[in-house]
Amino acid sequence: MPSRKFADGEVVMGRWPGSVLYYEVEVTHYDDVSHLYTVKYKDGTELALKESDIRSQSSFKHRKNQSSSSSPSRKSRSRSRSRSPGRPAKGRRRSSSQSREHKDDKKKIIPETTLALPVLVKPSENNTRRYNGEPDSTERNDKSCIILEQKLKPDLEKERVPEQYSLRSRKEEKKEEIYSEKKVFETKTFEKVSAKTKDLEFGGRIGTFLLIFFLPTTVLYLLLMCKQDDPSLMNFPPPLPALESLWESRVFGLYLLWFFLQALFYLLPIGKVVEGLPLSNGRKLQYRINGIYAFILTAAAIGTLLYFQFELHYLYDHFMQFAVSAAAFSMALSIYLYIRSLKAPEEELAPGGNSGYFIYDFFTGHELNPRMGSFDLKYFCELRPGLIGWVVINLAMLLAEMKIHNQSMPSLSMILVNSFQLLYVVDALWNEEAILTTMDITHDGFGFMLAFGDLVWVPFVYSLQAYYLVGHPNAISWPVAAAITTLNCIGYYIFRSANSQKNNFRRNPSDPKLAYLKFIPTATGKGLLVTGWWGFVRHPNYLGDIIMALAWSLPCGFNNILPYFYVIYFICLLVHREARDEHHCKQKYGLAWERYCQRVPYRIFPYIY
Ligand code: NDP
């Protein structure tokens, strides 16, 4: 293997991933192990590129002179469309009338465009055009630094990409032939673009090692505290139960039954199939959207059990054992996930979980989308066993409260907690598709963090308020209940509309319903919304979520801090998550992100943070 060809600081031409376009970049680093160069684009974006994706500037100047033949503008036009992974689906190309409409919208792109991308003139222009829907004929092949790879490599494959991921009609496919060809370039050029994770999160190797013990211990302590008559901090730590009392094979068997029942529901051929966002190799995975059906089937199954007098408060009586069973299962799953990830191709590894350090990759998740056939393990665990399980646990707590306190009706506090959280879960399942654009799916691998989070933390910690209320009833008046409900509705409204706005914009930036929104184009082809909720604060969805979290704790009263654990923890989680996301976005969008931050200075809480 020859040593590196380009030196640090050298200005070269780097291919924009997934495209045939080259930009002037500066080499900032070379990784001897992965043989990848870290290069910096002029808008500040940093990427890791293979040597074959980098060329000297001189070779370009030479070729450029030769390239005047055979309709360069046409080729440039067709190639330039292929660059952006965020390009609207082919089936959604605009009619000329739409194009005109969008052309008028062009003024809505705020002037930051040129400031944000002073050198990458072409990509920003191209993106602008894409979002504004200008017709093809208006595209020009300007004399920018962009060179067509085809002129350099005439032998580049042009075979047609298999259409198995296309959901478009045949008629549309024909019209779009010229664009189909370019999928080849995307597929070929994305290959093997993967790099080692350099920026370690969660305190790196030591932090993740400690978290593997800290998280289960926290769950155990929270549940033990909740069981105490006086769960105040003065009584911390709670007495530890005998080790053997934490495990019961029957409970573990029931947990497995639950998990595999949900897996069965997931496999049912009901609900639509949608594509996820493009992966680093240009491919898009397919996902079946049937979470809401799984929820309905589960509700029917639970209803049947209750009809036949099954005592659901069994869950309350064995709550700790269920939590331990779920923790054991999530640990076994994480080990399996790590072992199988060792055989996964390089380009299928998670960008954030490929450090090369066992403990770190085990925790954050080494493989991005582990699948068994079409069964996507991460996607399944994100929304099914834990989330639906949370609702079932809440219901069990409600029934346990009635039984223990000899009530014919659940308390108002219990009804509020159950209803608010039921709304949250049903919303997540109803909008299941939206999860495909979240960090968990697009960035984080599937490892201990998500396995434990989805299967243990969500069902057993998020149900803490209901669990607390069983042992520590709190009577509230109707006006207080109304005030808390209003707070929850405000939080939900912000949360839902912010998430929908971003999700719809990501899925179809040219959606006429979003025509009132302004955005900053970025070099990647995606826009950053600067009006609407995303112009209010940088993470409006987190704000709504936190307001709801507070509304879930308030019905428990103010006697103890324990039921407020959720809201305190959640603020910490989302502040940390926001910082992680900022970091990723800064890397992805460079200067455009900085312009966005200037324009929208607050991260989550307006005028505070
Ligand atoms: P978000 O849905 O907030 O997505 C962040 C991404 O949105 C960024 O990486 C960027 O991705 C895109 N983005 C950022 N700014 C803009 C902008 N101005 N315009 C357009 N796109 C933008 O991330 P999460 O996955 O963290 O959260 C999803 C939901 O899940 C939230 O409501 C959150 O509250 C909730 N959540 C709940 C948890 C719980 O335990 N209950 C835990 C974690 C999250 P790109 O540009 O690549 O599209």
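F202 is buried, at a relative accessible area of 18%; buried means under 20%, exposed over 50% and partly exposed in between, with a 1.4 Å probe and protein chains only. Before going on, the background: this is a predicted model, where local features need pLDDT of at least 70 and side-chain atom pairs count only at pLDDT 80 or more, while totals for chains, interfaces and linings use all residues. Residues are numbered from 1 along each chain as its sequence is written, and side-chain values use heavy atoms, with hydrogens and water left out.

Back to F202. This residue is not a glycine, yet its phi is positive, about 55°. F202 sits in the loop between helix 8 (177–190) and helix 9 (204–227). Helices here are DSSP runs of H or I with at least four residues, strands are runs of E with at least two, and both are numbered from the N terminus.

N406 also has a positive phi without being a glycine, about 50°. Its loop runs between helix 16 (385–404) and helix 17 (412–430). Is N406 buried or exposed? N406 is exposed, with a relative accessible area of 72%.

Next, the strands. Strand 1 (residues 11–15) and strand 2 (residues 22–31) run antiparallel, joined by five bridges; two strands pair if DSSP finds at least two bridges between them. M13 has E24 of strand 2 as its bridge partner. Strand 2 is also antiparallel to strand 3 (residues 36–41), with six bridges, and V25 is bridged to Y41 in strand 3. The hairpin of strands 2 and 3 has four residues between the strands, and H35 there takes a positive phi near 60°.

Now the lysine. K378 lies in helix 15 (residues 377–383).

The K378 side chain does reach backbone oxygens: that of D444 at 2.5 Å, and that of D440, which lies 2.6 Å from a polar atom of the side chain. Leaving out residues up to four places away in sequence, K378 touches several others, including L368, P370, F446 and L450, where contact means heavy atoms within 4.5 Å.

Methods:
A polar contact is a pair of N or O atoms within 3.5 Å; within protein, one must be able to donate a hydrogen and the other to accept it, and residues adjacent in sequence count only if both atoms are side-chain atoms.
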